[in-house]
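I opened the model to look up its helices and a few residues. My notes follow.

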Amino acid sequence: MSLDRLAPAIFVLLWSTGWVVAKFAAILSEPLTFLSIRYLTAAILFAGLCVVSGVSWPRDGRTILHAVVSGVFLHGLYLGAVWWAIGQGVPAALSSIIAALQPLMTALAAPFFIGERLSGRQKLGLGLGFLGVLLAVLPKFFGQGAAEIPAFAIVVNMLGMASVTYGTIYQKQHLPTGDIRAVATLQYVGALIVTVPFALGMESQHVDFGFAFVALLAWSVLGISMGAILLLLYLLRRGQVSRAASLIYLVPPIAALQAAVIFGEDLTVPMIVGTAISVVGVYLTNRKAA
């Protein structure tokens, strides 16, 4: 089976663990401090990989700047907002569902930024995906315990979704070529430009160093920051922006299931039904025309 077929499933599986990692990280460290350590480690490892592999680095200053700026949106602002919101009490499952609104935003914005057009089937798929997300998330806002979820943290989480939406389009618009390992290295430099100042200004840099922290950091860097991100960049190069973004619809059910098993978070009927509808939407959006 080709990488083109396997990459989406592997990406979704790896990326979905990010919300569980964020909640675990909030126990061991302050979120932005952990992210800063994670980004620095990822940048160093990617740079080493580039040196060993003999990767050709971008020579054009404009390309370097685009890579750094895309990292600001894709990693720094996006994950910074999501991790901070989870640290403030937003459930991991709810946070992942909010992030699943990104494909609709991407599909709506792509025609204006890069002239990418959607077929009628893709529009139907995106609409179903959005409906499924709404069915899953609305009871969380109006049901029992909704008052315990901080409203400002939810807003920040949604701003993070908007950031990754723009970052996805920016990546496709300004970085169509170049070695993805070099691009990823520069993107984590951009992420550090965002997270380090906020970590120094808002947090005390407390970290409970130990085996649990090292294991969590290792998975965050190797499994997510390197493995998942390389797959995401590969997908953006190989397919349409909207198709790559629509994979995010598959992340909430897996993240919600992980949160339910590990942290005991609720896995409600609306979340299950909404997830099923979203899966149908993903299929319609990604299915190739005959």
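Helices (H or I, at least four residues) and strands (E, at least two) are DSSP runs, numbered from the N terminus. I keep that convention throughout.

**Ground rules.** I am working with a predicted model, where local features need pLDDT of at least 70, side-chain atom pairs count only at pLDDT 80 or more, and totals for chains, interfaces and linings use all residues. Residues are numbered from 1 along each chain as its sequence is written, and side-chain values use heavy atoms, with hydrogens and water left out.

**Whole chain.** I counted 12 helices and 0 strands. From the N terminus the order reads α-α-α-α-α-α-α-α-α-α-α-α. I then looked up burial: buried means under 20% relative accessible area, exposed over 50%, and partly exposed in between (1.4 Å probe, protein chains only). Of the 290 residues, 51% count as buried. For contacts I used heavy atoms within 4.5 Å. Among contacts between residues at least 6 apart in sequence, 92% join residues at least 24 apart.

**S163.** I found S163 in helix 7. Is it buried or exposed? S163 is buried, because its relative accessible area is 8%. Next I checked polar contacts. These are pairs of N or O atoms within 3.5 Å; within protein, one must be able to donate a hydrogen and the other to accept it, and residues adjacent in sequence count only if both atoms are side-chain atoms. The S163 side chain reaches the backbone oxygen of F73 at 2.9 Å. Leaving aside neighbours within four places in sequence, S163 is in contact with F73, L77 and Y78.

**G167.** G167 is also in helix 7, which covers residues 151-174. Its relative accessibility is 0%, so I logged G167 as buried. Which residues does G167 contact, neighbours within four places in sequence aside? They are F73 and L74.

**H66.** H66 lies in helix 3, residues 61-87. I logged H66 as buried, since its relative accessible area is 14%. The H66 side chain makes a polar contact with the side chain of Y170 at 2.6 Å. Beyond neighbours within four places in sequence, H66 is in contact with Y170, H174 and L175.

**Helix 4 against helix 7.** Two packed helices are described by the angle between their axes and the distance between the axes. Axes here are lines fitted to C-alpha atoms, for helices over the stretch in contact, and angles run from 0 to 180 degrees between N-to-C directions. Helix 4 (residues 92-99) packs on helix 7 at about 40 degrees, with the axes 9 Å apart. Angles under 35 degrees count as roughly parallel, over 145 as roughly antiparallel, 65 to 115 as roughly perpendicular and the rest as oblique. Helix 4 and helix 7 are therefore oblique to each other. Which residues meet? L94, S95, I98 and A99 in helix 4 meet I154, N157, M158 and M161 in helix 7. I also checked how covered helix 4 is: 8 of its 8 residues are buried. Among them are A92, A93 and S96.

**Q205.** I ended in the loop between helix 8 (180-202) and helix 9 (211-238), where Q205 is found. Most residues other than glycine have a negative phi. Q205 is not a glycine, yet has a positive phi of about 60 degrees. I logged Q205 as partly exposed because its relative accessible area is 36%.
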